[in-house]
Amino acid sequence: TFLRITGPPLTLARSGGVDTIFVEFRPRNTGLFTAALTVEHNDPARTAVAVAISGTGKAPEMSPISMVDFGAVRSVGLARSGNQRTIEIPIVNSGTDTLFVTGTSVDDTEQFTVPSVSAEIPPQGGERLLSVTFHPTRNGQLPATLSIETSRPTATETFSLRGTGIRPKVSPTPRLVLFDTITVNLPGAEN
């Protein structure tokens with residue numbers, strides 16, 4: 001079934017009373033669904049009331065993620081213990097069925113890190129945050145592609161990542177260095 005009556009039972013005690021029927025639409029397939037909700041009552045002067053109901057089932061769908069730009073981060077050579085920036089990217093399901101995330105990856109693991117994730121994201125706005133870290137090992141603009149494998153008909157979604165590695169700035173500070181007095185050219189001493 002794709003419809004479910006929710007809420008408290010109806011009890012109209014007086015003439016002209018009003019109550020609300022809550023109907024939840026939860027399709028398991030895509031496409032148009034129609035039904036009739038029939039409300040039967042004990043008024044002998046009127047027949048049962050039928051209300052037409054319709055809705056469209058939508059496949060699980062990830063809301064689009066625009067370019068994720070990590071900005072400028074100081075590059076640290078080949079060591080990974082230096083500077084980095086992590087961004088939480090929301091994976092949002094805008095469909096009417098559960099979205100299953102079966103894996104995540106990034107094509108430049110030298111510059112970016114993403115955990116392998118398996119998740120069930122509830123329909124109609126359900127969300128899961130995915131942590132992606134940029135840790136540049138060289139200078140310049142460094143693009144990458146984030147891949148998220150899902151249960152959608154197009155199983156893998158890809159998104160662009162970008163960060164800029166910047167060279168650490170070295171600023172030598174002139175300092176006066178004093179040496180002790182050294183005697184040179186003494187007979188028998190090596191120079």
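This is a predicted model: local features need pLDDT of at least 70, side-chain atom pairs count only at pLDDT 80 or more; totals for chains, interfaces and linings use all residues.
Which order do the 5 strands of the open sheet with mixed pairing have?

View 1. Residues are numbered from 1 along each chain as its sequence is written, and side-chain values use heavy atoms, with hydrogens and water left out. The order of the sheet is E5-E12-E11-E7-E9, and its pairing is mixed. Strands (E, at least two residues) and helices (H or I, at least four) are DSSP runs, numbered from the N terminus. Two strands pair if DSSP finds at least two bridges between them. At the edges are E5 and strand E9 (119–121), and each pairs on one side only. On average, neighbouring strands here are turned by 30° against each other, direction ignored. That angle is taken between axes, which are lines fitted to C-alpha atoms (for helices over the stretch in contact); angles run from 0 to 180 degrees between N-to-C directions.

**View 2. Where E5 meets E12.** Strand E12 covers residues 156–166. E5 pairs with E12 in the parallel sense, over 5 bridges. Look for Arg74: its bridge partner in E12 is Ile166.

**View 3. The open sheet of 3 strands.** Here the order is E6-E10-E8, and the pairing is antiparallel. E6 and E8 are the edge strands, each pairing on one side only. Between E6 and E10 there are 9 bridges, in the antiparallel sense. Find Ile91, and opposite this residue stands Arg128 in E10.

**View 4. Phe70 and Phe112.** The whole structure holds 3 aromatic pairs. Rings of Phe, Tyr and Trp (its six-membered ring) pair if their centres lie within 6.5 Å; planes under 30 degrees apart count as stacked, over 60 as edge-to-face and the rest as tilted. Phe70 and Phe112 are edge-to-face, with 5.5 Å from centre to centre and 65° between the planes. Phe70 lies in strand E5 (residues 68–74) and Phe112 in strand E8 (residues 112–113), so this pair ties together parts that are 42 residues apart in sequence. Are Phe70 and Phe112 buried or exposed? Both are buried. Buried means under 20% relative accessible area, exposed over 50%, and partly exposed in between (1.4 Å probe, protein chains only).

**View 5. Phe134 joins in.** The ring centres of Phe70 and Phe134 are 5.8 Å apart and the planes stand at 45°, so this pair is tilted. Phe70 is in strand E5 and Phe134 in strand E10 (residues 126–134), 64 residues apart, so the pair links distant parts of the chain. The relative accessible area is 1% for Phe70 and 0% for Phe134. Phe70, Phe112 and Phe134 form one aromatic cluster.

View 6. Thr96 is buried, at 13% relative accessible area. Gly95 is buried, at 0%. What does Thr96 touch, not counting residues up to four places away in sequence? Its partners are Pro27, Thr56, Gly57, Lys58, Ala59, Pro123 and Gln124. Contact means heavy atoms within 4.5 Å. With neighbours within four places left aside, Gly95 is in contact with Lys58, Ala59, Pro60, Glu61, Pro123 and Gln124. From Gly95 to Met62, the C-alpha to C-alpha gap is 7.6 Å in space, against 33 residues in sequence.
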